[in-house]
Amino acid sequence: MNMQEYIAEAESALLHTYNRYQLVLDRGDGVYLYDIEGKKYLDFCAGIAVFALGYNNREYNDALKNQIDKVIHTSNYYYNVPAIEAAKKIKKISGMDRVFFTNSGAEAVEGALKAARKYAWLKDGSTDHEIIAMNHSFHGRTMGALAVTGNPKYREAFEPLIGNIRFADYNDIDSVKAQLTDKTCAIILETVQGEGGLVPAEEGFLKEIRAICDERDILLILDEIQCGMGRTGYMYAWQKYGVKPDIMTTAKALGCGVPVGAFLMTERVGQRSLEAGDHGTTYGGNPLACAAVEKVLDLFERNHIIDNVREVAPYLEKRLDGLAAKYGCIVERRGAGLMQGLVFDRPVRDIISNAMDRGLILINAGANIIRFVPPLVITKEHVDEMISILDTCIV
Ligand SMILES: *Cc1c(COP(=O)(O)O)cnc(C)c1O
């Protein structure tokens, strides 16, 4: 079948929950993807901030193949060595104490919310605790994650979601204070808002939230699903601010393509929240997924991925700033590290389609923002290549 025939098949079989680009991808190598007709694309999307190590990494592939030949799945009723090794490594890079592996980001958020609810329930036995979340946030598509996602467009048709969620404005501490009550048990936010428009938290904002949480024994949940795993030049973005969460979520680049996420907590919360029987998952933390996590974390360290982010990100910022200065339709550049956005005064879908025709894969964040979340192994030359293509696509 050719590309058009495959696309027609897909549209007759898959539930239409995405307006997909007209592209059937076949394989990847480094920072390039190839479609089924052999056309090559520079990839500045990385499967939405997932494939940090680049495609077809030999060591990563071999680690997965080895694990496949041993055992792919057991059950969480038994221990398995990849999960133990992955847990040890993720504790070390995050500075958190307890981890629960999940299959996705949304599932990690669900677990984080349950842990916060249980923590509060153990304190006073009441069942009307509230959670403060942020406007323009994104935490996933399941009912709990959606309930804390501050985008009415995603939520409206699915109400009622879980109750007692109050929304505040990101980077506006007074609006957070205005939502505080003596029922507040947790505040959840992304350290850098991704989907909502590539907005980093201001340091003062995060520090004040931490102080409020400490004062009132409220749990701070940081969603690092997109901005974590080295993307901002820190293993987890909060490490830059020195503001440690009580619970955090991670996913996307954690398995570099194998579906896996996690929520982590401090020992203090671990001792006073979810207990045996409270939470579970069949697949979560299975040997295949954890073999991926273990190898990803190993390669991050050995290949100095974070050093590369710190070297290339300022150059990406500079080149994007150059474009922003050149075109009146670009309102601003914003973001952190290799998580950047160009904000346009108009929808960007046509620009992204044009770029695709010219061999560059980009992704949007909302209608008017082009999001740049490339593999973390890109070089300055790849940035130049991306800019030179994009420069011909903006009209
Ligand atoms: C992608 C994302 C999620 C949801 O992760 P899924 O794996 O798609 O469920 C949650 N939070 C943030 C910040 C994300 O970027």
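How many helices and strands does the protein chain have? In this predicted model, where local features need pLDDT of at least 70 and side-chain atom pairs count only at pLDDT 80 or more, totals for chains, interfaces and linings use all residues. Residues are numbered from 1 along each chain as its sequence is written, and side-chain values use heavy atoms, with hydrogens and water left out.

**Overall fold**
- The protein chain has 15 helices and 17 strands, counted as DSSP runs numbered from the N terminus (helices H or I, at least four residues; strands E, at least two).
- Its radius of gyration, taken over C-alpha atoms, is 21 Å, close to the 21 Å that the globule rule gives for 395 residues, so the chain is as compact as a globular protein of that length; the rule is 2.2 Å times the number of residues to the power 0.38.
- Along the principal axes, the C-alpha atoms fill a box of roughly 60 × 55 × 45 Å.

**Ligand site**
- The ligand is surrounded by Ser104, Gly105, Ala106, Phe138, His139, Gly140, Glu190, Asp223, Ile225, Gln226 and Lys252, each with a heavy atom within 4 Å of it.
- By class, this shell has three nonpolar, five polar and three charged residues, where Ala, Val, Leu, Ile, Met, Phe, Trp, Tyr, Cys and Pro count as nonpolar, Asp, Glu, Lys and Arg as charged, and the others, Gly among them, as polar.
- Oxygen atoms of the ligand lie 2.8 Å from a polar backbone atom of glycine 105 and 2.7 Å from a backbone N or O atom of alanine 106, while a ligand nitrogen atom is 2.8 Å from an N or O atom in the side chain of aspartate 223.
- Taken alone the ligand exposes 390 Å², of which the protein buries 80%, with accessible areas from the Shrake-Rupley method with a 1.4 Å probe.

**Second largest pocket**
- This pocket (an open set of points on a 1 Å grid over the protein atoms alone, with protein on both sides within 12 Å along at least five of seven lines) has a volume of about 1,100 Å³, that is, the space filled by probe spheres set on points joined across faces, edges and corners.
- Its lining, meaning residues with an atom within 4 Å of a point, comprises 29 residues, of which Asn76, Val99, Phe100, Phe101 and His279 lie nearest the centre.
- The lining divides into 13 nonpolar, 12 polar and four charged residues, and α4 (81–94), β4 (98–102) and β12 (261–265) each supply at least two of its residues.

**Cavity**
- The structure holds one cavity of 30 Å³ or more, a cavity being a set of points where a 1.4 Å probe fits but cannot get out.
- Residues lining the largest cavity include His73, Asn76, Thr282 and Pro287, and by class the lining has one nonpolar, nine polar and no charged residues.

Terms used: Polar contact = N/O pair within 3.5 Å; in protein donor to acceptor, adjacent residues only side chain to side chain.
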